[in-house]
Amino acid sequence: MSAVVPDFDNLDNTHHSDAGSPPSQQIQVINDRKEFTSKLSSALDDRWNLSDQGFDYNVVAVFGSQSTGKSTLLNRLFNAQFDVMDETERRQTTKGIWVCKARASNTLVMDVEGTDGRERGEDQDFERKSALFSMSVAEVLIVNMWEQSVGLYNGANMGLLKTVFEVNLQLFQTQGSPKTCIFFVLRDFTNRTPLQKLADTLINDLKKIWDSLSKPPGKESAQITDFFDFEYAGVPHKIYATEQFDAAVEDLRERFYDKKSSRYIFKTGYHKRIPIDGFPHFAEAIWEQIVKNRDLDLPTQQELLAQFRCDEIAKVIYNKFGVDVKPLRSRLDAGNVVDNLGASMQQLTVSALASFDKDASRYNAAVYKSKRSAFADQMHTVLSVLFVQQLRNLHKRGIILFNESLQTRIKAGEADFANKLKLSFNEAESYFNNGAQAASIILAEWTYDEQLSLFVQELGEECVKQRTEAMERLTKKLDKSIKTRLVNPITDLFCKPTKLLWVDVLRTTKDVMTSISDTLTKSLSGFDVESSVILQEVKQIKIRIWDLMMEIVQAEIAEKALLEKLRERFEAKFRYDDKGIPRFWSPTDDIDGTFKIAHEQADELLTIFSEIRVPFSEIDTDIAQHNGIKETPIMMLSVAQQENARLIFNREAHSQFMEAKRSTVATTAKIPPWFIILTVALGWNELMAVLWNPMLTMMLLGCVAIAFGIWKTNMAGPLFHVARAATGEVTRQVSTGLHDRGFSMTNLMNHPTITTAKRTFNSAVNLSRSQSEEGGESYELSRRKTATGSKSPSGVDSTPDSPKPHQD
């Protein structure tokens, strides 16, 4: 046996359960009251972990007389957990249909209630339905029967097989349907009659049954082997030939488990091609169809014939009806609107019912009327899908027509937009109404009120969308115009600022507001909106214009741009003359006076930039209310920002002033050549003494190398920190030592010698300052503020050599 076949030992002792309490791994799919369970899906997922296996699974069922060992055989073959009969009693054990998962295999095993049981007596309805169900959903149907029943009609369940074959052929065997394997397992097989002889007897009996069946049109010449394959196996007696029984079961198990074996029973052609997660629904639908089909309820021969023939006739006509409907379905599925769809569907329905009446009206009247009504409903169900699809296509096409119609109307311009929108809306609504009416048929009570309501609702949303988009297009167009008409003029005004800068800026902004507001008001009047909405939109666009103006201004007076403008104003006067020629300073030039004029002009420009100084009436009312402007001037630069700009600018201006001063000194102050010659002559002996002394030369080179190393490794800073710390520590130690000896820094600083030295130093400083003031080399750098003026904290004006920040 192949290694892939599992070895199950002691099955009878470990996997049997009491008849009253089924094991947790098995589930009753159909109970004895013909009710299908709702727990099969959860069992596939939670109990057996099969829900994600796709097509990788098989289904096998067992069928046969009661108490023939069906459950025992399944437990042996698949290590299932089905209840088995208590051998001390002869009674029914399996009721309904049970399912369990085979061990070590994705196989669902179905244990079907036995036939010919005394519990049901002559009621064979469930037997027929369960047998038909097993044959319809299982790939392999094991027919469990005694060897001595071969050749018997009832003992071999031939009568039941005949009914099942016939109904299965009518209900489920269509062209291309997978085959089903019927596996006859002969119990208590003695081999006195060879298995092949028994198989020949069974197949001959089955062929006779098949030939006697009433076959549907087109299948009159079909053979039983076109729909079924047959396999045979013999299993010896379980009690009297235990070893042979076990060996036969092992051989059977290999056929169900070993996929590499040539005798593997689950062939690809048997699979129903239903994914495992859809199997519960598929099985339930099969059972529902079987239960509802009246052919299995054994009615009178007349009713049975009427039902069979009416179903047969309806099926043929319905197939033709499906072929005729297919072109319409294809066009609708492609998203097309089919003209005169209702008339076409009406004609197909009337033609199909006329054909049904012609052939079916000769049978039982009650059955005929019932089947006719069901057949009409069946066609109406199919056609209702086409009707709904037509409404969907009308819906989509109506929206497209609305947009196309509107776009055509607004190509010439968006004036009178509301009227154009209304005309396009009415056209689209009429299109949907007319198309829906043309798609209805007389015999079906179909309505489209809900679809019409949804269409009108979406059409309204589309109107709002189109109106919003049109207004956005208008706004974007105006915004672009605003930017074009505002940015360059204001930027030009700030490039050459004058005392009337803010008047010019506000005049430019006001002109743009007036022009844009008039354009917007005229355009919105055609959108059928209230005057309050127009006023609000005009107010909003004014606010956007003002915000854009303020954004441009803020960019122009930002710190970097502001300092650049101050520098340009200062340099235009200080570094260039009135003709724009760069200055070359000489000792006779009035550098101080020129610096003062240039500095005052730059400071005047800063004052202009710092606030919008215009009459309050020049500010638009909506702008004033929105921005909370109650008076003018409007502060643009805070005091801190002005002081910071002055401080930075003064530093740059003073730097240029000192550079100008030094340039005049550089032209007059030069080291005379005779001084250089004298220095070399007087220091020649010392230089030669160092160079001729190896020790001093090495020390000099060492100092140079150390200095170069410190400079290359950036260690100067850390060395200074270390030196400072060491000096501080030495100072602290000296102070502590002096204090311990009765000295203090205060007494030391008050020593007469120190006091005299300080007095002498202060006198020298004052004399130097007095001489500097008399020589005219210093000038006043501090300036007063615009309103109150400011001085340095010392009360004296600052000089370019010592600039100090202004204070209020």
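## Strand β5 and its surroundings

F63 has its bridge partner in β5, and that partner is V143. The strands here are DSSP runs of E with at least two residues, numbered from the N terminus, while helices are runs of H or I with at least four residues. What we're looking at is a predicted model, where local features need pLDDT of at least 70, side-chain atom pairs count only at pLDDT 80 or more, and totals for chains, interfaces and linings use all residues. Residues are numbered from 1 along each chain as its sequence is written, and side-chain values use heavy atoms, with hydrogens and water left out.

| Pair | Bridges | Direction | Bridge partners |
|---|---|---|---|
| β2 (residues 58–64) and β5 | five | parallel | F63 and V143 |

How much of β5 is buried? Six of the seven residues in this strand (residues 140–146) are, so the rest of the structure largely encloses it. "Buried" is under 20% relative accessible area, "exposed" is over 50%, and "partly exposed" sits in between (1.4 Å probe, protein chains only).

For S515, the label is partly exposed, at a relative accessible area of 25%. S515 belongs to helix α14, which covers residues 501–524. Its C-alpha atom is 9.6 Å from that of I482, a residue 33 places away along the chain.

There's also some annotation to work with. An unreviewed UniProt entry lists residues 665–684 and 690–711 under "transmembrane region"; positions follow the numbering used here, feature names are shortened, and annotations may be inferred rather than shown by experiment. In the model, residues 690–711 are 95% helix and 0% strand, with the end C-alpha atoms 25 Å apart.

Zooming out, the protein has 25 helices and nine strands, and 40% of its 808 residues are buried. Taking contacts (heavy atoms within 4.5 Å) between residues at least 6 apart in sequence, 73% join residues at least 24 apart.

As for confidence, pLDDT is the predictor's own per-residue score, from 0 to 100. The mean for the protein is 79, and 82% of residues reach 70 or more. Over residues 10–24, though, pLDDT stays under 50, and the model has 27 contacts for them beyond four places in sequence. Residues 294–302 are also below 50, with 20 contacts beyond near neighbours in sequence.

Notes:
Two strands pair if DSSP finds at least two bridges between them.
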